[in-house]
Structure formats: C-alpha cells, structure tokens
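Below are my notes on the model, in numbered points.

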Amino acid sequence: MILRASQAVLGGVLAVACALFVGAASAENVPEPDGFRSAPYRAPVPATLTGATVLTTDEAHRVWKAGEAVFVDVLPRPERPEDLPEGTLWNPPKRETVPGSFWLPNTGYDKLTPEREAYLVAGLESVSDGNLDAPLVFMCRSECWMSWNAAKRALNLGYTNVNWFPDGTDGWTEDGHPVETKEPMNLPAKS
C-alpha cells in the first residue's frame, strides 16, 4: 500500500516535471513575429529579438549596478474605469520596478494611438538625451510581449543599443534585487 502511494506521488512529480520541461522547451521555440505581437501579451516569448541583446536577470543586474544603461519599464497602467461613479477616488496601482528606471506605461501594445506613440518617442528621446546609441534596457514582467514590442519599436526608431530583459521585474524580484515605487514618466509639454 505504501509502495503504491509512493509510486503515485513519484508519478505525479514526474508528470509535473515533464510538463514544465515541455513548456520551457516550447517557450524557447517561440518564433519572432514579423511585426508586433498582439494579445495575449502574457504568453511565452521568443528567446531572441533581432537587432537587440537579450539579457538574463544576472546580466541585467550587472548592467544596472554598473550604471551602464537606462532601464525602461513598459508595464501597462490601468486607466480609471469609465463606470466609476463621479466623485469616487481612483487610486491606480503603484509600480514596483528597478530603481532608477523610467516607467513609460502602455507603450508595449502592438498598436499605439498617435498620442501613446508620441509619448514613447518623447520618453525615449528624454531618457537617452537624444542619443540613438544610448544603451536602453526594455522590460515589463516575465513572459510579457509588451517589453519585446517596445524594444522592437525602439529599434525601428533607430536606437542602436537596445537590450531586452524578458524576465523583467518578476525575475528581478525573484533574485532578491531591490525595487522602488514609480509613477509614470511625465514629459514636459512641447511649446
């Protein structure tokens, strides 16, 4: 009886391990799309981004610690619900992210409104001081296509030193690295 129970437990553990292995192997085989990836945005991502350097969590931490690049977080920020009664206080969630990073929310979708695209362009110009060769690290959360999309958009805009950190803040915090609370980047109005 004990032997059968142990075999059942071992069989279950092996089944889970195999499923995880197959899932990990299939995530490595995700092809890069020709354009930008649409929903679902939280899904396995490719191992590459043509034209960019892909950083592991250890590499991203080393780059951050050495101050070698600007980190750009593109995690979306929920908008105030339209059906929220007038006068109701709306507190959008705070973003815990890599210290010193810049949060340009909602800039990783496959299609951007002209206003959101202008926000991304102005934000990148600001954080790079207008230098297309400035090292930029794009991130979101793990298995988040938004950082992939934003990094690809930066390449399309002519940025030459684009880094993509696919583990994002999930990998960052899992490794015990510090975070800080950020608000979306405010850009001065152009006159």
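1. This is a predicted model. A polar contact joins the side chains of Thr-97 and Asp-73, at 2.6 Å. Thr-97 belongs to strand 3, which covers residues 95–97. Its relative accessible area is 0%, so Thr-97 is classed as buried. Asp-73 is buried as well, because its relative accessible area is also 0%.

2. What else does Thr-97 touch, apart from neighbours within four places in sequence? Besides Asp-73, the contacts of Thr-97 are Met-139, Thr-169, Pro-178, Val-179, Glu-180 and Lys-182.

3. Is Arg-95 buried or exposed? The relative accessible area of Arg-95 is 6%, which means that the residue counts as buried.

4. The structure contains seven salt bridges in total. One of them joins the side chains of Arg-77 and Glu-183, at 3.5 Å from N to O. Arg-77 is in the loop between strand 2 and strand 3, while Glu-183 is in the segment after strand 7 (180–182), so the bridge ties together parts 106 residues apart in sequence. Glu-183 has a relative accessible area of 41% and is partly exposed.

5. Lys-182 and Glu-180 form a salt bridge through their side chains, at 2.8 Å from N to O. The two partners fall into separate accessibility classes: Lys-182, at 18%, is buried, whereas Glu-180, at 29%, is partly exposed. The cut-off matters for Lys-182, because buried means under 20% relative accessible area.

6. Now the fold. The protein has five helices and seven strands. Read from the N terminus, the order of elements is α-β-α-β-β-β-α-β-α-β-α-β. Five strands make up an open sheet with parallel pairing, in the order 1-6-5-2-4. The edges are held by strand 1 (53–54) and strand 4 (102–103); each has a single partner strand, so one side of each lacks a neighbour in the sheet.

7. Which strands pair with strand 5? Strand 5 (residues 136–139) is joined to strand 2 by four bridges in the parallel sense, and another four bridges connect strand 5 with strand 6, again parallel. In general, strands of a sheet pair through backbone hydrogen bonds.

8. Strand 5 is covered on both faces. Leu-136 and Phe-138 lie on one side, Val-137 and Met-139 on the other, and all four residues are buried.

9. Helix 4 (residues 145–156) lies across strand 5 and strand 6, and runs at about 175 degrees to strand 6.

10. Two figures describe the protein as a whole. Of its 191 residues, 39% count as buried. Among contacts with a separation of 6 or more, 77% are between residues 24 or more positions apart.

11. Last, the cysteines. How many disulfides does the structure hold? The number is zero. Cys-140 is buried, at 0% relative accessibility, and Cys-144 is buried too, with a relative accessible area of 3%.

Conventions
Residues are numbered from 1 along each chain as its sequence is written. This is a predicted model: local features need pLDDT of at least 70, side-chain atom pairs count only at pLDDT 80 or more; totals for chains, interfaces and linings use all residues. Side-chain values use heavy atoms; hydrogens and water are left out. Helices (H or I, at least four residues) and strands (E, at least two) are DSSP runs, numbered from the N terminus. Buried means under 20% relative accessible area, exposed over 50%, partly exposed in between (1.4 Å probe, protein chains only). A polar contact is a pair of N or O atoms within 3.5 Å; within protein, one must be able to donate a hydrogen and the other to accept it, and residues adjacent in sequence count only if both atoms are side-chain atoms. Contact means heavy atoms within 4.5 Å. A disulfide is a pair of cysteine sulfur atoms within 2.5 Å. A salt bridge is a side-chain nitrogen of Lys or Arg within 4 Å of a carboxyl oxygen of Asp or Glu. Two strands pair if DSSP finds at least two bridges between them. Axes are lines fitted to C-alpha atoms, for helices over the stretch in contact, and angles run from 0 to 180 degrees between N-to-C directions.
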